[in-house]
Amino acid sequence: MLLRSLTALPRLRVSAPQPCVVCKSKMSGSSRQISPKFISLEDGGDITRCYKFRLVSYNILAQVYVKSSNFPGSPSSCLKWKVRSQAILTALKSFNADFLCIQELDEYDSFYKSNLESTGYSGIYIQRNGQKRDGCGIFYKPNCAKLVSMEEIYYNDLANSLNLESTDTSEREFSDKDNHSDHGDLNDPRIRLTRDCVGLLAAFKLNDPSHHVVIMANTHIYWDPELIDVKLAQVKYLIRRVAQFKEAISDKYGCSPSVIIAGDFNSTPGDKSF
C-alpha cells in the first residue's frame, strides 16, 4: 500500500551552518532579486574547543529542468543558461564558504569546475545514472581542509540488490530499457527503486592544529511525494553507508570523526517520509 506525503520542498534553498556558529537562510518565491540574510544562532557558550568552518548546502536547479512554463513569474531572459550560470556562480562565491554541497549540479566539467577552482576551490562530483545530466558535488578550499577519502552512492544499487526470481531475458530487458527511465510498472520493485539518485561521501582532515576529521555526505533524495517508500529506502541506505564509511575512516585514521549530512531531502518537517 502506497503512502502519501506533503508537497516536496522547493529546489532553491540555502543554508550555511557552522559547528559553532550556525547560519541559515531560505529563498522565497518572489520574483525580485534576493540577497540571503544569514542569522547567527550562536548561543554564547564556550566555543574555543570547536572546529570552525562555513558550510553551504544549495540545490541550484539544474539547467536541464529550467522551463518557462514552470517559472511564469521569471523573465525568459533570466532563465537562459548564460545569465543563470553567472548569477549562480556569483551567489556561490558570495557565501565565502569553506565547503559547498551542491545538488542538481550540471555542467560540472564545462563550467563550475574551472570557475570555482579559479576562486580557490577543489571539487568532487558524481553524476546521476543513465541519461540524467545533473548530480551532486562537494567543493572545498584546500587551505581549510584536505580530502582524505571519498565514496560514491548510487541508490539504484537498492534495485540491483533485490533477490528476485527472473529469467535472463527479463533481467536484460530491465537493464536495457527501464534502468534509465522513470517509466514502467511501479509494482515491479526493481523499477520502483530505480530512480537514478546519487550521493557523495567525503572525509576531510581540517588544516588546523587539531587535524580533526570531518565526514560530509551530500545527496539528493527522490522528489516524488507519491513514492514515500522509495524515499525511506534511500535514506535508510544513506544512513547505513554513512555508518560504514565512518567506521572505516575511524579505523584507518584512529579518530572519532564528526559527521555532517547535507542535501535536498525533498521532505518537509512532519510529513510521513521522515
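## Strand β9 and its partners

Strand β9 (residues 213-220) is joined to β10 by 7 bridges, and the two run parallel. Strands here are DSSP runs of E with at least two residues, helices are runs of H or I with at least four, and both are numbered from the N terminus. Two strands pair if DSSP finds at least two bridges between them. N218 stands opposite A262 in β10.

The model is predicted, so local features need pLDDT of at least 70 and side-chain atom pairs count only at pLDDT 80 or more, while totals for chains, interfaces and linings use all residues. Residues are numbered from 1 along each chain as its sequence is written, and side-chain values use heavy atoms, with hydrogens and water left out.

β9 also pairs with β8: 7 bridges join them, and they run antiparallel. L201 has A217 in β9 as its bridge partner. β8 and β9 form a hairpin, with 6 residues between the strands. In the turn, H211 has a positive phi of about 50 degrees.

## How enclosed is β9?

How many of the 8 residues of β9 are buried? The count is 8 of the 8, so β9 is largely enclosed by the rest of the structure. Buried means under 20% relative accessible area, exposed means over 50%, and partly exposed lies in between (1.4 Å probe, protein chains only).

In a regular strand the side chains alternate between the two faces of the sheet. In β9, V213, I215, A217 and T219 point one way. V214, M216, N218 and H220 point the other way, and all of these residues are buried.

## The four-stranded sheet

β9 belongs to an open sheet of 4 strands. The order is β7-β8-β9-β10, and the pairing is mixed. β7 (145-154) and β10 (258-264) stand at the edges with a single partner strand each, so one side of each has no neighbour in the sheet. Neighbouring strands are turned by 15 degrees against each other on average, direction ignored. Strands of a sheet pair through backbone hydrogen bonds, either parallel or antiparallel.

## Helix α7 across the sheet

Helix α7 (residues 228-253) lies across β7, β8 (198-206), β9 and β10. It runs at about 145 degrees to β7. Such angles run from 0 to 180 degrees between N-to-C directions, and axes are lines fitted to C-alpha atoms, for helices over the stretch in contact. Contact means heavy atoms within 4.5 Å.

The 26 residues of α7 should span 38 Å at 1.5 Å a residue, and its end C-alpha atoms are 37 Å apart, which agrees. The expected span is 1.5 Å times one less than the number of residues. Buried residues of α7 include I228, V230, L238, F245 and I249. Among the elements that cover the buried residues are β7, α4 (157-160), α6 (189-193) and β8. G254 follows α7, and its phi is positive, near 60 degrees.

Helix α2 (residues 81-94) has 14 residues. From first C-alpha to last it reaches 20 Å, close to the 20 Å expected. Which residues of α2 are buried? They are R84, S85, I88, L89, A91 and L92. These cover an arc of only 160 degrees around the axis, which puts them on the same side of α2. The arc is that of the directions from the helix axis to the C-beta atoms.

The face turned away from the buried side carries the exposed residues K82, T90 and S94. Elements covering the buried residues of α2 include β3, α1, β4 (99-105) and α3 (108-117). Just after α2, N96 takes a positive phi of about 50 degrees.

L61 lies in the loop between β3 (55-59) and α1 (76-79). L61 counts as buried because its relative accessibility is 6%. L61 and R84 are 23 residues apart in sequence, and their C-alpha atoms are 10.0 Å apart in space.

The structure holds 0 disulfides. A disulfide is a pair of cysteine sulfur atoms within 2.5 Å. C78 has a relative accessible area of 38%, so it is partly exposed. C255 is partly exposed at 25%.

## The whole chain

The protein chain has 7 helices and 10 strands. Buried residues make up 44% of its 274 residues. Among contacts between residues at least 6 apart in sequence, 68% join residues at least 24 apart.
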